[in-house]
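Here is a short briefing on one protein model. Keep the structure in view and find each part as you read.

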Amino acid sequence: MKFAIITHVIHGKESGNYFGYEPYVREMNLWLKNVSEVLIVAPLHTTPKTPIQDFYQHENIHFTQVANFDISSIKNALHSAVVLPKIVWKIYQNMKSADHIHLRCPGNIGLLGCFVQIFFPSKPKTAKYAGNWDPKAKQPLTYRLQKWILSNTTLTKNMQVLVYGEWENSSKNIKSFFTASYFEKDKIAIQPRALKDKICFLFVGTLSNGKQPLYAIQLIEQLFKKGYTVDLTLYGEGNERAILKKYIATHQLEAVVFLKGNQNQESIKKAYIENHFVVLPSLSEGWPKVVAEGMFWGCLPIASKVSCVPNMLSEGDRGLLLDLEINADVKKIEALLENPVEYQRKANNAMYWSRQYTMDTFENEIKLLLQP
């Protein structure tokens, strides 16, 4: 099978091998086990590989480089108008050559792919919508347009659209799906964490306004001021790092809050096992893998009520749902810190639920999607 991937994910190349964002590539490698030839249409940069990137595992990859574009300003829009025809043509050529078309959405390249796939109604197709599929969510026009095209079975034929969560009134081609990080063989017994001595919190993700790492810091700051022995370790990089560093220094939190930067998967796994809570006060998510990963290792999630998070946390039975109002959220956390039995019950529920969604199960589901 010749398998075409249309994606906005920025790739790199080293010693003839292509790499990209590690969670995405790890997933794609499972898809690629079932195909003989891979066609990738994506942006390609010359920056060196980082700890949060990984290599594709396939012997027969053909890469088509396209420009990375956006329309966030007049200048960028003018540039996009110049490069778009060439990008569309490259997408069309790869789709025409492929036996199976796979779109990664939402993203600018994925948006173009949504339009071009219309011209191939008879070819089998899949789309992974990795963002928030909630029809009530406030989202950019380009995101809403991708959702509309993908769910329109008049325009989009012979496609299964994989989305996170279960949503009422979905079209027949929408399939509730999940993402996994660990295999059955990774399951090990996890010792209960006692809520005594120091209570450790974890943030994993991009240091950006959308993920709200500052809010995570402020939650722990308030707990610290109330006399709790707590700390927060943040893993990740982003454009808010300098802001966070300044806030930590200004509020004298150097002994409480730690910025660790990007780390590899094994280091993050160790952190999940050692910490009590993983905090994600994000404004937008698809399937928040840090929540599912934390749950897998008994690290209880404290997360905002976005996308499928309330479903993942069973409306609070497998974690804490944030209101994103600092005083109310601190009180919720305090109540749980004062009830270690309830904390352990929630952590056990979270671990049991998350361990149903292994890479083994995920791989089997992918095989079914690729069957003729």
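Start at the largest cavity: helix α8, residues 289–296, gives the most to its lining, with 4 residues. Keep in mind that this model is predicted.

**The cavity**

- The structure holds 1 cavity of 30 Å³ or more.
- The space in the largest cavity comes to about 70 Å³.
- Among the residues that line the largest cavity are Lys 289, Ala 292, Glu 293 and Phe 296.
- Thr 179, Ala 180, Ser 181 and Tyr 182 also belong to this lining, and so do Trp 287, Ser 354 and Tyr 357.
- What kinds of residue make up the lining of the largest cavity? It divides into 6 nonpolar, 3 polar and 2 charged residues.

**The whole protein**

- The protein has 12 helices and 16 strands.
- A compact globule of 372 residues would have a radius of gyration near 21 Å. The protein has 21 Å, so the value agrees with that of a compact globule.
- Along the principal axes, the C-alpha atoms fill a box of roughly 65 × 45 × 45 Å.

**The parallel sheet**

- Strands of a sheet pair through backbone hydrogen bonds, either parallel or antiparallel.
- Six strands make an open sheet with parallel pairing, in the order β13-β12-β11-β14-β15-β16.
- From one strand to the next, the twist averages 25 degrees.
- Strand β11 (residues 199–204) pairs with strand β12 (residues 230–235) in the parallel sense, over 6 bridges. Val 204 has Tyr 235 in β12 as its bridge partner.
- Helix α7, residues 265–274, packs on the sheet and touches β11, β12 and β14 (277–280). The direction of α7 makes about 145 degrees with that of β11.
- Helix α10, residues 326–337, also packs on the sheet. Its contacts are with β11, β14, β15 (300–304) and β16. The direction of α10 makes about 170 degrees with that of β16.

**The hairpin and its neighbour**

- Strands β2 (residues 12–14) and β3 (residues 17–21) pair in the antiparallel sense, over 3 bridges.
- Which residue in β3 stands opposite Lys 13? The residue is Tyr 18.
- The hairpin of β2 and β3 has 2 residues between the strands. In this hairpin, Ser 15 takes a positive phi near 55 degrees.
- Strand β3 is also joined to strand β5 (residues 53–55) by 3 bridges, and the two run antiparallel.
- Phe 19 stands opposite Phe 55 in β5.

**Backbone details**

- Most residues other than glycine have a negative phi, and most peptide bonds are trans.
- Where is the place of Pro 106? Look in the loop between β7 (100–105) and α3 (108–116).
- The peptide bond from Cys 105 to Pro 106 is cis, and its omega is near -5 degrees.
- Asn 169 is not a glycine, yet it has a positive phi of about 60 degrees. Find Asn 169 in the loop between β9 (159–164) and β10 (174–177).

Key. Residues numbered from 1 in each chain as written. Predicted model: local features only at pLDDT ≥ 70, side-chain atom pairs only at ≥ 80, totals over all residues. Heavy atoms only, no water. 1 Å grid on protein atoms, 1.4 Å probe; cavity = no way out; pocket = protein on both sides within 12 Å on 5 of 7 lines; lining within 4 Å. Points joined across faces, edges and corners; volume = space filled by probe spheres on them. Nonpolar A, V, L, I, M, F, W, Y, C, P; charged D, E, K, R; others polar. Pairing = 2+ DSSP bridges. Axes fitted to C-alpha atoms, helices over the stretch in contact; angles between N-to-C directions. Contact = heavy atoms within 4.5 Å. Rg over C-alpha atoms; globule rule 2.2 N^0.38 Å.
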